[in-house]
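Dear colleague,

Please find below the structure that I am handing over to you. My notes on what was found in it follow directly after.

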Amino acid sequence: MVTSITSFGRSGLYDWMVQRITAVILAAYTVFIVGYIVCTPDLGYEQWSTLFSYFGVRIFSLAALLSIAAHAWIGLWAILTDYLTTRMMGAKATFLRVIAQMVLGVVTATYVLWGIEILWGF
Amino acid sequence: MNKNRPVNLDISTIKLPITAYISILHRVSGVILYAVAGILLYMLDASLESAASFAELKESINTPLPQIIIWGSLAALAYHMVAGIRHLIMDCGIGETLEGGQNGAKIAFVVAAILIVLAGVWVW
């Protein structure tokens, strides 16, 4: 079984730490954005685009985006190595899992690049 | 060890404790959030592109299907965050016993349910 070479940091302890740091960043970002939207009932384009024009907000958003990429990779790796296994899927399991991880890699890279384009492109 | 021992990991035949449900739902909500991230990026794109696309988005998300998607996303987010905070608290050594884990799971379910209802109230 080829599992550890497809994990995020190739070490369980390192992945464990990254999962927690990214979780804290994502929780902080969620509270910030959801809190802002809830506390601004008549949100208009002017106010919204001004918020995202601040360098700090863009960097915070980028940090959240990169956190999603790392956090999702570690989480989905844990799920895939639990369920796409030889015991559950037979001999093709490793092949199927690597294909699934390649697809997830493309989707994740698309999220990051698209997000950067949105944040710095308006 | 004999490698041919019978193994039963057929989840449908095992009575799961509350801690198993909170763990499985943490995974399910995580997968949902990964998929929903694409929709949220689409909405962020439309909201920032121009004043016209912002107005158009604001108009279009006030219909039943987008409202259900937004509420579902917020529900997954609320649940995943609460279950994640429970993990972080347990990492600090709090609630690590069998009883503590079960109580923590109950608290997490209640807090998540309250947040999910509040999200529904906010959307509608």
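I begin with A:Q19, which is buried, its relative accessible area being 16%. Please bear in mind throughout that this is a predicted model. A:Q19 belongs to helix α1 of chain A. Apart from residues up to four places away in sequence, A:Q19 touches A:A70, A:H71, A:I74 and A:G75.

**The interface between the chains**

The contact between the two chains involves 25 residues of chain B and 32 residues of chain A. About 2500 Å² is buried between chain B and chain A, and carbon and sulfur atoms give 73% of that area. Of the area that chain B buries against chain A, 31% is supplied by B:R27, B:Y34 and B:L48, which is more than any other three residues supply.

Across this interface, 10 residue pairs are in polar contact, with both residues of each pair at pLDDT 80 or more. On the side of chain B that touches chain A, at least two residues come from each of α1, α2 (51–60) and α3 (64–91) of chain B. The element that gives the most to this side is α1(B), with 13 residues.

**The salt bridges**

How many salt bridges are there over all chains? The count comes to two, and the count between chain B and chain A is likewise two.

One of them is formed by B:D91 and A:R20, whose closest N and O atoms are 2.4 Å apart. B:D91 lies in helix α3 of chain B and A:R20 in helix α1 of chain A, so this pair joins two chains. With a relative accessible area of 16%, A:R20 is buried, whereas B:D91 is partly exposed at 34% relative accessibility.

A salt bridge is also formed by A:D82 and B:R27, with the closest N and O atoms 2.8 Å apart. This pair too crosses between chains, running from helix α3 of chain A, where A:D82 lies, to helix α1 of chain B, where B:R27 lies. A:D82 counts as partly exposed at 37% relative accessibility, and B:R27 is partly exposed with a relative accessible area of 26%. B:R27 is also one of the three residues named above for their share of the area that chain B buries against chain A.

**The largest nonpolar core**

In soluble globular proteins, nonpolar side chains tend to be buried together. In the present model, the largest nonpolar core has 26 residues, and those that touch the most other members are A:W48, A:L51, A:F52, B:Y34, B:L44 and B:L48. Two or more residues of this core come from each of α1 (12–39), α2 (45–51), α3 (55–83) and α5 (93–121) of chain A, and from α1 (18–49) of chain B. The most is given by α3(A), with six residues.

Which residues does A:F52 touch, not counting those up to four places away in sequence? In chain A they are A:Y29, A:I33, A:V57, A:R58, A:S61, A:L119 and A:F122, and in chain B they are B:L44 and B:L48. B:L44 and B:L48 are themselves among the core residues that touch the most other members, and B:L48 is also one of the residues named above for the area that chain B buries.

**The segment before α1 of chain A**

Two residues in this part of the chain may be of interest to you. A:T6 lies in the segment before α1 of chain A. Is A:T6 buried or exposed? A:T6 is buried, because its relative accessible area of 15% falls under the 20% cut-off. Neighbours within four places in sequence aside, A:T6 is in contact with A:W73, A:W77, A:R97 and A:Q101. With A:Q101 there is a polar contact from side chain to side chain, at 3.1 Å.

A:R10 also lies in the segment before α1 of chain A. A:R10 is exposed, with a relative accessible area of 65%. Most residues other than glycine have a negative phi. The phi of A:R10, however, is positive, near 60°.

With kind regards

Conventions: Residues are numbered from 1 along each chain as its sequence is written. Chains are lettered from A and ligands numbered from 1 in the order in which they are written. This is a predicted model: local features need pLDDT of at least 70, side-chain atom pairs count only at pLDDT 80 or more; totals for chains, interfaces and linings use all residues. Side-chain values use heavy atoms; hydrogens and water are left out. A nonpolar core is a set of buried Ala, Val, Leu, Ile, Met, Phe, Trp, Tyr and Cys residues joined through side-chain atoms within 4.5 Å. Buried means under 20% relative accessible area, exposed over 50%, partly exposed in between (1.4 Å probe, protein chains only). Helices (H or I, at least four residues) and strands (E, at least two) are DSSP runs, numbered from the N terminus. Contact means heavy atoms within 4.5 Å. A polar contact is a pair of N or O atoms within 3.5 Å; within protein, one must be able to donate a hydrogen and the other to accept it, and residues adjacent in sequence count only if both atoms are side-chain atoms. Buried area is the accessible area (1.4 Å probe) that two parts lose on being put together, summed over both. A salt bridge is a side-chain nitrogen of Lys or Arg within 4 Å of a carboxyl oxygen of Asp or Glu.
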